[in-house]
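Some notes on this chain follow, point by point. Please read them with the structure open.

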Amino acid sequence: MELYQLRSFAAVAELGQLTRAAERLHVSQPALSAQIKALEDELSVALFDRGSGGMSLTAAGRQLLPDAERIIAAAQAMRSQALALRGEVAGRVRLGTVADPDLVRLGDVLRRAVDRFPLLEIDVHQEISGAAFEKVRDGELDSAFYYGALAHPAVASMPLRDFGFRIVVPAAWAQRLAGASWDTLAAEPWIMTPPISTHHVLATELFDTHGVAPARRVEADHEAVIHSLVAAGLGVALMREDLALADAARGELAIWGTGRITTCLQFVYPKEREREPAIHALRDVVADVWRAGDGARAADGTSPRGT
């Protein structure tokens with residue numbers, strides 16, 4: 001069995017099609033098909049069911065895929081370790097990012113990583129926060145920014161900063177809802193993110209605390225969309241405090257009440273892989289960027305944690 005065969009197996013399993021997998025691996029479709037067949041012959045099991053709609057894993061394929069992925073990851077880790085022994089860090093890291101790039105200082109992180117580790121390749125994947133955590137936990141991402149309270153023994157985390165959320169309403173509703181009860185507020189349409197998002201979890205916790213539930217929900221999967229819908233007068237929402245204050249100052253919406261709910265932005269990665277050179281290097285870059293940024297904020301007299 002060859003490592004390239006396992007890579008082919010994993011690629012076809014992920015993409016479900018020979019054509020797309022061949023494009024990713026830069027091989028011809030017949031060559032890829034032959035690699036899969038040779039691996040199946042060596043293992044004496046069928047890994048895929050072939051159909052007109054593509055290729056799906058058999059029961060045996062589903063059981064063997066995690067082993068193949070571990071072998072591929074181990075080979076990559078060994079290569080990275082060998083380069084590290086020569087004073088180099090190389091490899092490919094799948095990094096999940098959430099919210100807007102400025103919140104996580106993504107540009108600064110990528111610039112510093114490229115300058116310090118030119119052989120390190122970083123694939124950036126935009127995710128909903130809860131999904132980012134789950135993909136790190138399940139091995140689909142090598143690291144991610146994440147905000148929320150999820151925890152898992154297989155996931156290590158590095159806290160970066162606390163930040164708050166506020167309830168916002170359309171500017172035209174501000175006077176009508178001033179001093180309104182939670183029952184009244186819950187009767188308004190609420191703009192909510194998908195259930196897997198931390199934003200949704202925070203809003204649900206807020207409802208539970210006050211013993212209410214929104215009567216109507218409009219789903220939006222991005223903060224910019226939430227802003228647009230609230231500003232257009234379509235509903236109430238929970239919004240990141242820095243954005244809410246800026247939008248309220250421009251008169252685009254209004255902040256309801258004085259309450260706020262807080263959460264923590266973190267950098268998460270698999271605990272068992274934290275000593276891998278590529279992941280360790282990216283973690284150090286993130287830590288350095290946030291230390292530098294927090295130092296600049298402190299020098300300006302602003303708090304390095306929270307809003």
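1. How many positive and how many negative side chains does the chain have, and how far apart do the centres of the two sets lie? In this predicted model, there are 32 positive and 40 negative side chains. The centres of the two sets are 2 Å apart.

2. On the overall layout, the chain contains 13 helices and 11 strands. Its C-alpha atoms fill a box of roughly 70 × 50 × 30 Å along the principal axes. Among contacts with a separation of 6 or more, 72% are between residues 24 or more positions apart.

3. Of the 307 residues, 46% count as buried.

4. The largest nonpolar core has 59 residues. Phe145, Ile167, Trp182, Leu185 and Phe267 touch the most other members. Helix 13, residues 277-299, gives the most to this core, with 9 residues. Another core, of 19 residues, lies apart from it and includes Ala11, Ala22, Leu32 and Phe48. In soluble globular proteins, nonpolar side chains tend to be buried together.

5. Two backbone angles deserve a look. Most residues other than glycine have a negative phi. His26 has a positive phi, near 60°, and is in the loop between helix 2 (18-25) and helix 3 (29-43). Phi of Arg105 is also positive, near 55°; Arg105 is in the loop between helix 5 (101-104) and helix 6 (106-116).

6. Are these two residues buried or exposed? His26 is exposed, because its relative accessible area is 70%, over the 50% cut-off. Arg105 is buried, because its value is 13%, under the 20% cut-off.

Conventions
Residues are numbered from 1 along each chain as its sequence is written. This is a predicted model: local features need pLDDT of at least 70, side-chain atom pairs count only at pLDDT 80 or more; totals for chains, interfaces and linings use all residues. Side-chain values use heavy atoms; hydrogens and water are left out. Helices (H or I, at least four residues) and strands (E, at least two) are DSSP runs, numbered from the N terminus. Buried means under 20% relative accessible area, exposed over 50%, partly exposed in between (1.4 Å probe, protein chains only). Contact means heavy atoms within 4.5 Å. Lys and Arg count as positive and Asp and Glu as negative; His and the chain ends are not counted. The place of a charge is taken as NZ of Lys, CZ of Arg, CG of Asp or CD of Glu. A nonpolar core is a set of buried Ala, Val, Leu, Ile, Met, Phe, Trp, Tyr and Cys residues joined through side-chain atoms within 4.5 Å.
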